[in-house]
Amino acid sequence: MYMASPSDPAMTDEQKDRSLRDTAVGFMFAAKDLIAAALAWLFYMICTHPHVEAKILDELKSLRPTAADDDGAPVVFDSDTLRSATYLHAAVLETLRLFPSAPFEEKEAAGDDVLPGGTTVAKGTRVVFCLYAMGRIEGIWGGDCREFRPERGLAPGGRARPEPSYKFAAFNAGPRSCLGKDLGLSNIKIAAAAVVYNFRVELVGGHVVEPKDSVVLHTKNGLLVRVKRREAA
Ligand code: HEM
């Protein structure tokens with residue numbers, strides 16, 4: 001698809017090459033860094049919210065694993081099976097709300113415009129906004145916006161309750177939003193489900209976990225954990 005795109009006839013060959021190169025680099029970063037960062041924060045949340053870990057585990061136990069542990073091999077779940085894991089899905093999105101893997105977003109005004117708050121922006125102005133901060137604004141998420149609460153993303157009865165993309169913008173919104181959203185979420189859930197089901201992950205005592213100031217929201221000092229097989233935990 002990307003070899004055929006962009007199809008804008010006004011683009012020069014050089015611009016097309018550059019667009020293709022940038023997209024390829026984007027895919028590499030997306031597949032590696034954004035998913036890895038999201039997984040680190042998800043496990044930080046799981047370690048610090050044992051009741052969430054218990055709920056994810058209960059949900060996984062209610063599903064049919066893709067590979068059983070008859071021979072002692074770890075149990076895994078595929079993406080089709082995990083489609084009904086709505087609590088795990090909500091926990092991943094809640095993690096991305098508080099710790100968006102891409103914490104900043106940048107836009108350039110295509111023409112003179114006025115932002116909803118009344119600020120005027122002239123054509124060509126670059127506007128940078130911080131998704132990390134947006135996840136912590138009471139006016140957007142309510143008084144408990146700093147709490148990690150997967151239930152926020154669930155309707156009564158446990159069904160997923162999607163938020164508008166302009167409110168939950170971890171995958172960007174509008175025509176340039178993330179093309180790998182479903183694949184990314186699916187990768188995160190497959191990895192998280194396999195680890196949570198088979199292992200107990202505990203933070204190493206005294207290890208300080210805080211965001212690193214960078215274009216991808218990594219943890220500043222990594223995430224030091226102890227991992228134990230569940231039956232031995
Ligand atoms: C947790 C995982 C991911 C997150 C949080 C994420 C987030 C984002 C964000 C915020 C953008 C907009 C960037 C910008 O405006 O400059 C974006 C764009 C994009 N993402 Fe992802 N992404 C993830 C995973 C993936 C994966 C796995 C792929 C592909 C395999 C992917 C492919 C892309 C592509 C191709 C774009 C550019 C779309 C365009 O400009 O038209 N992403 N992503």
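Trainee: Hi! Which protein atom is the donor to the iron atom of the ligand?

Mentor: Hello! That is SG of C178, which sits 2.3 Å from the iron. The protein gives the iron this single donor. Keep in mind that we are looking at a predicted model.

Trainee: Good to know. And where in the chain is C178 found?

Mentor: Look in the loop between α6, residues 138-141, and α7, residues 181-198. That loop also holds N172.

Trainee: What is the phi of N172?

Mentor: N172 has a positive phi, about 65°, although this residue is not a glycine.

Trainee: Is N172 buried or exposed?

Mentor: Buried, because its relative accessible area is 12%, and the cut-off for buried is under 20%.

Trainee: Which residues does E105 contact, if I skip its neighbours within four places in sequence?

Mentor: N172 is one of them, and the others are V127, V128 and F129. E105 itself belongs to strand β1, which runs over residues 104-108.

Trainee: Buried or exposed, that E105?

Mentor: E105 is buried too, with a relative accessible area of 18%.

Trainee: Let's change topic. How many helices and strands does the protein have?

Mentor: There are seven helices and six strands.

Trainee: I'm looking at α4 now. How many residues has it, and how far does it reach?

Mentor: Helix α4 has 13 residues, 86-98. From first C-alpha to last, α4 reaches 18 Å, close to the 18 Å expected at 1.5 Å a residue.

Trainee: Why is α4 described as largely enclosed by the rest of the structure?

Mentor: Because ten of its 13 residues are buried. Among them are Y87, L88, V92 and L96, and the list also includes E94 and R97.

Trainee: What share of the whole protein is buried?

Mentor: Of the 233 residues, 34% are buried. The accessible surface is about 13,800 Å², and carbon and sulfur atoms account for 56% of that area.

Trainee: What does the C-alpha trace span?

Mentor: About 60 × 45 × 40 Å along the principal axes.

Trainee: Last one, on charges: how far apart are the mean positions of the positive and negative ones?

Mentor: They are 3 Å apart, counting 29 positive and 30 negative charges.

Definitions and conventions:
Residues numbered from 1 in each chain as written. Predicted model: local features only at pLDDT ≥ 70, side-chain atom pairs only at ≥ 80, totals over all residues. Heavy atoms only, no water. Helix = DSSP H or I, 4+ residues; strand = E, 2+ residues; numbered from the N terminus. Expected span 1.5 Å × (residues − 1). Buried < 20%, exposed > 50% of the residue type's maximum accessible area, 1.4 Å probe, protein only. Donors = N, O, S within 2.8 Å, 3.2 Å for Na, K, Ca; no water. Areas by Shrake-Rupley, 256 points an atom, 1.4 Å probe, with all protein chains shown as cover. Lys, Arg positive; Asp, Glu negative; His and termini not counted. Charge placed at Lys NZ, Arg CZ, Asp CG, Glu CD. Contact = heavy atoms within 4.5 Å.
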